[in-house]
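Please keep the sequence and the model in view while reading.

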Amino acid sequence: MELTSGILSRDDYLRAIVDIVEFLRAAGFRDVLVSYGFGCDCPDEELYVPVAMPIDHLPNFVAESEAVDFYRVGKDNLYVEAPGGGPGILFCHESDIHFVSEDAELVGRLRAEWSALGYLRVVEPPGAEVSMVRATSDNSFLRTRCAGR
């Protein structure tokens, strides 16, 4: 199942990153895999390569990545996944956020939370399927069906 935020302003986007960290932490997730994707200006050897980090470090990672011009919030793709096949998040280059999980209860809780936090543009694409491919032993990482990813 996929939940998409709709287009967010930069301020809302930054707030949503912190909110997702808190949401995942409350759901019991402690660590994530993060990788740069489409649009990122990181060194080639870092593109699509997952880096493990504590979930609480994600907002700092985003800020540090912007400071060195590797990633631009809402303009480049940043992939985040809970290890072991947990939910996947795409901080998308189209100024929206995609949350993908096979756990309908988790998706429902995030839908309710985003609505309560003022993300009133929350939509679920009709007929949406889990569109992200999980990490594999050859380090391929989250990919989606949208253009440019």
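## Basis and terms

Two strands are said to pair if DSSP finds at least two bridges between them, and helices (H or I, at least four residues) and strands (E, at least two) are DSSP runs numbered from the N terminus. This is a predicted model, in which local features need pLDDT of at least 70 and side-chain atom pairs count only at pLDDT 80 or more, while totals for chains, interfaces and linings use all residues. Residues are numbered from 1 along each chain as its sequence is written, and side-chain values use heavy atoms, with hydrogens and water left out.

## The sheet

Six strands form an open sheet in the order β1-β6-β5-β4-β2-β3, with antiparallel pairing. Because β1 (2-4) and β3 (51-54) stand at the edges with a single partner strand each, one side of each is left without a neighbour in the sheet.

Within this sheet, β5 and β6 run antiparallel and are joined by four bridges, and I89 has F99 in β6 as its bridge partner.

## Helix α1

Helix α1 covers residues 10-26, and its 17 residues should span 24 Å at 1.5 Å a residue (the expected span is 1.5 Å times one less than the number of residues); the end C-alpha atoms are 24 Å apart, which agrees.

Buried residues of α1 (under 20% relative accessible area, where exposed is over 50% and partly exposed lies in between, with a 1.4 Å probe and protein chains only) include Y13, I17, I20 and L24. The buried residues of α1 pack against α2 (58-67), β5 (88-91), β6 (97-100) and α3 (104-116), contact meaning heavy atoms within 4.5 Å. After α1 comes G28, whose phi is positive, near 100 degrees.
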